[in-house]
Every structure is written in C-alpha cells, then in structure tokens.
Amino acid sequence: MKRAAVWGVLCVLAWAPATAQEVWEDELERADEGVNTPLRKTLPNGIRVGIQQDAGAAVVVLTTRVQVGWAMDPPGLDQLAHIVEHAMFRPAEGEGPGYSELIAKLGGHTNATTDADETVYTTIVPSRHLDTVLAIEARRFLRGLEQVSLGDLATEREIVRQEALQKAPYNREYRHLEAELFPVGHPYHVDADADLKHLERIRDASVVAFQREAYRPDVISLGIAGDLDPHAAMKKVEALFGPMPKPEHPAVSASVDRPPARERRVLLESRAGNSTILLGWVVDGYGDAGSHRWRDIAPILRIWLSGRLPRERGITHVSVRRRPFGALSILTVDVRGVGRIDPDLVVSELSWILSQFEALGTHRDGLDSLREFREDATASDWAGPVVNYDDPVVLARYLADEPATSSGRAAVPESGLVHLVKKFLRLDRAVLVASLPPEVER
Amino acid sequence: MRALLAALLLWPAVAASDGLADEDLPELPDVQYVLLDGDVELYVVERPGTRYVAHVLQFGTGPADDVASRQGVGNVALWTLAAGAKGSDGMERAGEHVARYRAGVRDGRFTVRWVSRPAAALSLWEDLTAALRRPAMPEDWLTSIQRNLAATYIDRDADPADTAKRVWRRLALGDHPAARPDHGTPRTTGELTREDLVLRIQQFRARPMQAFLVGDGDSEGVEMPLNRRFKRLPKAFDIPETETPPLPAGAAIVLVHRTGLNQSYVVAGSAGNVGGDDPAALLALEELLGAGIWGRLDQRLRVSGGSTYGFSPSAEILGDLQHLSFGAWVEPATTVQAVTALKETLEAVVGDEPPTAAEVASAAAGLETTFLLQLSSNDGCAEALRRLGALGRDPAAPGAWLRELRGLTAERVGDAARSLIDPAEFAIVVVGDATVLEEPLGTLGVDVRVIGR
C-alpha cells in the first residue's frame, strides 16, 4: 500500500514541467553514465576492444567491426567487400564446419552487414560459450581466406549478386536518389540500375587479396556485452587476437568529401497507382563534429511539413528522415500519395512552407514559438538512448565504435536551425526523384 | 595442418555444449501475476534501476474475428484507440514521457506496445482504458484512415513478396477467417462507419486481455490503479463464435502475373494442425529447416548445393490452426528448380530424413538463446512474455518454457513436421511473368492457375 502511494506521487511528479531540451540532455548524460564505463583497450597490434558487463543478460554478444566497406571496392570490382563478408563465414579447407555451423551448435546466431565504410559481424551465444566464440572468431580473422575453397567463393559471389538484385523492387526511388546525390566518381556512388554482371569477372584471387590487405588489425574493433567478467574476457581477447601481426605502416584513412549540392530531377514510372516524391540533400555525418547541428532538424521538419502540405491533393504521407550514409548522411523529404501528384506542386508548396519556417527566425516571437515547437517535436527522443542501450546487441555495437565524445553536444539555438534550413535545404539545389503513375488522357 | 589442429582443438568445446541439465537454467526474471477485475491478467517484472518501463497490452481478439464483410475493421479500431487516447498529434506531445507506441497484429491478436518513463508508467493506461470505454474520434478520422489505407493497399499490391504471401494464405487456408487479409480490402474498409468501429472496440474486451509491465516499478504499485481503470469498463460485446471451415484439399499452384521484375517471388508450404499442444515443436521445426544460415534448407540448397536462392521460413500458430511456409526471391530461369528443391527437402523431412536429435538440439538451443536475449532488456522481456501468453503458455513461468525447449525430442519435432508438411497438400504461389513461368511451372504436375493476366 505504501509503495502504491509512492508510485502515485511519482506519477504526479512526472508531469512537472521540464523543457524537452533539458530532458534530452539529461537523458544523454544518464545514458552515457551507463554505457561510458566499459573496459576499453587497444592491443599492441592496433585492435580496439570495448567490453561491458550486462548482468541482466544470460547471453553474450560479440560485434566485430571492420572499417572496410563497399566504398573501398576497387574500380570495376563493385561488391568485393560484400563478397569478402560472405566468404568469412566459409570454413578453410580441412577446418571442419564453417562459422555459422559452429555458432549454431553453441545455440547461437550470427550475421553480418556491409555498409559504405564498415563491415559488421554480430554473434550472439549463451554466456557460458564466450571463450569458445572468441576462439572461433579469432581463428577466422587470423587465417583469412587463403584456404577457403574456390567453389565456395564462387557460390558466395553469385549469392551476393542475387541479394543485390533482390533489393531492386524495394526502395527504387531511394537508390536513384543516392545515385544522384553521390555522382559518378564519388566513393559512395552506386549505379542504381547495375545488373552486376561484372561480378563474374571478380577472380577468387582478388577476394583473397582484398581481405588480406584490407582486414588489418588497426581497422578492427571488438565490442562485447553480456553476462561476463570484463577483465577475464579482455585477457582472453588479448591472448587470441594478439597474435594478429601488427601492420608495418599505419592505415591510410581516406576522407570522404561531401559532394557539391546540385539540382537534379529523375522521373520514374510507378508500377502501382501511387506517387512517391523524394527531395534529398547530403549533410553532415553522424560522427562529424557538426552532426549535432542536424540532430533536431528531421523531427522538427517532419511535424512542420506534415501538418501543412495539402492533403486534398492526394498526399497521404510526409516524412523527413536523416539517415547515415557512410561518413556522411542524407536528409530526405519523402512525400507519398494516391494517384499522380505533380512534383512541381510539391516543390512549390514546400517552398512556401519552408519560407514560413525561415520567417520565424526573423523576430523574437517567431523564435519563441519555434522553441516551443522544437520542444514538442524532439521530446520523444528521450527513449532512444535509454531503450537502445538496454539491448545487448546495440550495446555491443556501440562498444565496437570509437568512444563517444561529448564535443558538439551543445544545442544549436533556434536561429541556428533556421539558418541551416535556409543555407543547406535549398530547393534549387535538391535532388528530386519522383515515381509517378502514367498520366491519364482526358 | 595448422587448420586441422585448430579444428580439433575447437571441436570438443563446441560439441560439448549440446544438452544442458535442468539445473543449468540461467537466472530468469521473477514474473509477478495478478488477476485484475474483468479477467485482465497482469504480469509485472520489477527491474529497479532501469530507466524505463516497457508495456504491452495483448487483446484476446484478432483480425480473424472481424466480420467478413467488414474485414479490416479490427485494425482500424486498434488505431482508433490511439487516436482516442491522445490523437495522432497528441501522441507526439505525450512523447515527453511515453514513446515508441506501436499497434499491430502479433500471433493473430491485436497488440499495443510502448515504453514510458518509470514515473509516468500509468499515464497511457489511463488513456487507453478511457478509449476502450468511450472511443473518441476526430470528425474526419475515418475519412483520413480510409485515405491512408487506400495508399497502403496500392503499396502492398506493388510489392511482389507481400502479394505472394497474401495470396498464399488464401490458397492454403481457403475459407478460414485467418485467410483474409488483416488490413481488409478497399471494399471492406471503404464501407466502414463510425458505428462499426465503436462496436468492434467494445468487442476488444470479449476475451481475456493480458497486460505486461517490465521496468522500475512493482506489481503492488500498479495493481490498484490499473484495477480501478479496468473495473470501470462496461461489459464487452460478445464475438459470435463461427464454425471453422475445413482447409482446402489437394496441391495447388497460383501464378500471379507481373512484368518488369528481375526476379519472381515464390511462397510454398502447407497448413494443418500440429496436434496436441506443442508450439515448441513447430518453432523448432521452423528453426531447423529455415532459420538462419545453418538451417537445413540453406545448408542443402546453398552451401552444399551451390544454389543462390535462400528460403525464409514463416510459421504462425493461430490456436488450432498452424501454417508453415517458405518464401524466396528467385530468377525466372531457376524458379522451377527452386520450388522442386524446396519440395524435395520438405518431403525428406517427413520421409526418409526426419529431424535428427542433433538438429533438434541445435534448433532448441537457438530458440533458447533468442528467448534469453529478449529477456535481457525490458522491451524484449515484455514481448517475450506476451508471446508465451499467445502460445498458451504461462507468462509467469519463463523457466517452464525453457524446460519445454530443452525437453524437445526428434520424435516430437518429427510429429510436428508430419502434421504440417504434406506434399499432397502443398500450396505454391509465384509472383512473376506468366509468359515465362507458366509453362515450366506446369511441369510440376499440378494445374497452374494464372491470375492478373
């Protein structure tokens, strides 16, 4: 009964006013308290390790992050990093079962993804198998692909081609948007209509050599989270991954420049009766010092736009997303609707709505109302750091990243937000991709 | 030689991991159970010090209870609860203390989930029970939902995988209510009225609801306030019980004609009744056949066979009815080869290559790891306990579920396979270019029905 009363009091207190910005900052601070106390170490060969105990979990999660992604594919050899990712699951000849089979026998699960700048391998096993999974992981990274059978590599090469083709029916508009935002010659450029026939020309020797040269210890980091003893786990990691030879020369970190903004239009035919209109810009990446400037923009614009675009013109859905894209990120306004929606109408409406937003920055009352609007729009972000790091898979992924810094956390004033929108989100420098059903003859 | 030595050193560690004694059960959440007024089952896991509370409300009804001419009304009613609680924009404003509100269908039942700050753990319960009592809808609510649904239907029809799965359900489940699309059709939802929604919401309480809270709080603290809220609900309208029609007999192939695709989408499988009450066996069967790279299908078709199509499994347990199907993207030239390979692999499971003890142990261990991973976070724990409830298991006894998984035998999984997989009843749906696919599919020995040409 006493506890019930306390709960009731807390419920009342919960609604005490606090600005959303304070809530967000407080949440980040508290989240950092929880996740910024891992055991971290860089091994002599350059492998970075982050380990944290999560006593509530009966499992351990091992994330191995390799800072090698498809942006490093040599010219003419697109998908090479992706093929390497697949091949890493294959056993060497005479080695017995492959990685996936071994993990399955431990009652675990494993998977991997290849992104623009990184390849991430994730394995989950019951906590009692931590030592074994570390040993298996170390073995495949130490031996590389030299002894993996050529037949296996050929199969994985074809599977990669199929996987890429399978994505074709989905996100067609986004693939074209990305292809235009990152023009030919940029490391992040991907041909939206690639048939990937060139994969047949990728030789096994190229796969083996790429893995050997690119998978250096100084681009590898391990994140381990779960029910474990961090110090014992670190010792094990040192013993198993320490033998990976230290490279003679430090890795050359290639910087990725933001491509210049340019107006482009791509019109596609919608196979259904729906219209999809995307407007996109390349902005700061999540790891950049300037990233914080963009943190609040997407939720604010989403609410600002969704309440103002004319629904009677058939528009059913408006979203604004900022998505990481390698070292940069893409900010997209995504407008959808039933039937054929005129892209010029959308651009003209957006132009008017954004000018109203920008006008808020010209007087004190406007900035005050923008502050209130911003608080509402960003308030729900409190759950992100709190809920995500409760999941050992997310925590292990976080541990495999560079330690977070608090630099750039300072909130951008409302006038700064208006300035960013005005300066960067210019409709005359946006890439527009529209997928429209055919015009009906009257 | 070094590789061989390494393999020999590792293998005993891996092999020795199979089979665990009951006393090796890991520490599991202490789930407190309270029966609230109105037969609402409340399950609470106290996790002091965690900074949020995860909430799940599982209704006793799902899309299969919708009246056929109003199919989809339940889904719209579910969204209406959120609108009645806060309004769609209001939910954004409530975000300071409540976040990640998700409403949908899980295991055939309507479910809502969200997270809250510990000190605001009861706020949305108040709104939801108020909406259950007297649903509030903005004036243009229904029109705006119908407009959004119209766009959703077009999107889903344009997606070959979604189309194939919906057509497959209809093909495999026939006139069973579960065969109807959860979201209804343009016709059934286009005719909905506000009265339909109010009636359906009142049916949401017709069968016991289950509420799950995991986080920094305690059952005593939430019992009384929640009881007060649920007590005020009026008596629910009954859902009329209907007789379940028999499943369609005989194998069938439907080819949905679509052009302009690089690849076709294939779904194949069958429905039935596992018999007895053994959801663990069906889940293990799904896991050992198709879940992950180590599933039998991937091993047989991709790793050993060198094929490039990977089938993903989909099993659903809807009370007495269960179905198990496999879907894959396949190039037109290899579609028949893929279907044949899938059929042969499934026939072998119910024929001369039944599940082995090692496969079942591995599958059960995989299910256990997934379950333990879920239990480790508040959000995942609430969802894992909800699923136990949906499977007819006691959410207050997660250890019993682990024992059930560990007690799985090859015989039980083999029985489940024989109950569900019948090559003579195989339903196959392909979405692709009929001009290319009709003739080769005809070689499978079953009449091919082409639609959408």
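Trainee: How many residues does the largest nonpolar core have, and which have the most contacts inside it?
Mentor: The largest nonpolar core has 225 residues, and Ile224(A), Ala284(B) and Val429(B) have the most contacts inside it. A nonpolar core is a set of buried Ala, Val, Leu, Ile, Met, Phe, Trp, Tyr and Cys residues joined through C-beta atoms within 7 Å. The largest share of this core, 10 residues, comes from helix H13 (residues 357–375) of chain B. Keep in mind that this is a predicted model, in which local features need pLDDT of at least 70 and side-chain atom pairs count only at pLDDT 80 or more, while totals for chains, interfaces and linings use all residues. Residues are numbered from 1 along each chain as its sequence is written, and chains are lettered from A and ligands numbered from 1 in the order in which they are written.

Trainee: Which residues is Ile224(A) in contact with, leaving aside neighbours within four places in sequence?
Mentor: Its partners are Ile51(A), Val60(A), Leu62(A), Ala233(A), Ala396(A) and Leu399(A). Being in contact takes C-beta atoms, placed from the backbone, that lie within 7 Å.

Trainee: Why is Leu124(B) called buried?
Mentor: A residue is buried if 20 or more other C-beta atoms lie within 10 Å of its own, exposed if 12 or fewer, and partly exposed in between. Leu124(B) has 23 C-beta neighbours inside 10 Å, so it counts as buried. Its place is in helix H4 (residues 123–133) of chain B; helices (H or I, at least four residues) and strands (E, at least two) are DSSP runs, numbered from the N terminus.

Trainee: What makes S7 and S11 of chain B a pair?
Mentor: Two strands pair if DSSP finds at least two bridges between them. Six bridges join strand S7 (residues 252–257) to strand S11 (residues 427–432) of chain B, and the two run parallel. One bridge sets Ala252(B) against Ala427(B) in S11(B).

Trainee: Where do these strands sit in their sheet?
Mentor: The open sheet of chain B has six strands in the order S9-S10-S8-S11-S7-S12, with mixed pairing. Strands S9 (312–318) and S12 (448–451) of chain B are called edge strands because each pairs on one side only.

Trainee: What is the pairing of S9 and S10 in chain A?
Mentor: S9(A) and S10(A) pair in the antiparallel sense over 10 bridges. Arg323(A) stands opposite Ile330(A) in S10(A), and in the hairpin, which has two residues between the strands, Gly326(A) takes a positive phi near 60 degrees.

Conventions:
Contact = placed C-beta atoms within 7 Å.
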